[in-house]
Amino acid sequence: MRYLVVVFFLIAPFLALAVEPDEILQDPALELRAREISRDLRCVVCQNEDIDSSNAGVARDLRIIVRERLVAGDSDQDVLDYVQARYGDYVLMSPPLNTRTLALWFAPPILALIAFMVGFFVLKGAGRSRATNDLSEEDEDEVSRFIEAHKSEDQT
């Protein structure tokens, strides 16, 4: 039991949401919808946090807009469309695939492929340079003669 309490206190800061009490809707069903929509919206200041997790002023404004639109009777998709129209595709955690967002969707796999190829060729080149350092039979014979010649000098 003691370990559970410790684990809870270790992860509690990560579970904290930035939603302030004055933002919470009285209707629990609408509040639940607002929280679900908020998970799909990115804070434009914090970039990789949803608006419920961010303390930025813009995130607070977005949370209020979401709740206002829900109270006005908008569907979840209408709310997302409204916010997207005002803030652009970047505000969505999963932006749509279109010509403006091609870089967002394809840059990570392309960069990963390039990194893999560079790593492959670097490792391949390192293996090749090791193979060229091998001595020929003539060189080995010369080294053996050199060692034998110096052994006899060391014994005297």
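1. The count of aromatic pairs comes to one. Its partners are Phe120 and Phe121, arranged edge-to-face, with 5.3 Å from centre to centre and 75 degrees between the planes. Please keep in mind that this is a predicted model.

2. How exposed are the two partners? Phe120 has 43% relative accessibility and so counts as partly exposed. Phe121 reaches 51%, and because the cut-off for exposed is over 50%, Phe121 falls in the exposed class.

3. Arg42 places its charged end over the ring of Tyr90, at 4.9 Å from the ring centre. For Arg69 the ring is that of Tyr82, and the distance to the centre is 4.4 Å.

4. On to the largest nonpolar core, which has 18 residues. The members that touch the most others are Ile37, Leu41, Ile51, Val66, Leu70, Val83 and Val91. At least two residues each come from α2 (28–39), α3 (57–71) and α4 (76–87). Which helix gives the most to this core? That is α3, with five residues. As general background, nonpolar side chains in soluble globular proteins tend to be buried together.

5. Leaving aside residues up to four places away in sequence, Ile37 touches Val66, Leu70, Asp76, Val79 and Leu80.

Terms used:
Residues are numbered from 1 along each chain as its sequence is written. This is a predicted model: local features need pLDDT of at least 70, side-chain atom pairs count only at pLDDT 80 or more; totals for chains, interfaces and linings use all residues. Side-chain values use heavy atoms; hydrogens and water are left out. Rings of Phe, Tyr and Trp (its six-membered ring) pair if their centres lie within 6.5 Å; planes under 30 degrees apart count as stacked, over 60 as edge-to-face and the rest as tilted. Buried means under 20% relative accessible area, exposed over 50%, partly exposed in between (1.4 Å probe, protein chains only). A charge sits over a ring if NZ of Lys or CZ of Arg is within 6 Å of the ring centre and within 35 degrees of the ring normal. A nonpolar core is a set of buried Ala, Val, Leu, Ile, Met, Phe, Trp, Tyr and Cys residues joined through side-chain atoms within 4.5 Å. Helices (H or I, at least four residues) and strands (E, at least two) are DSSP runs, numbered from the N terminus. Contact means heavy atoms within 4.5 Å.
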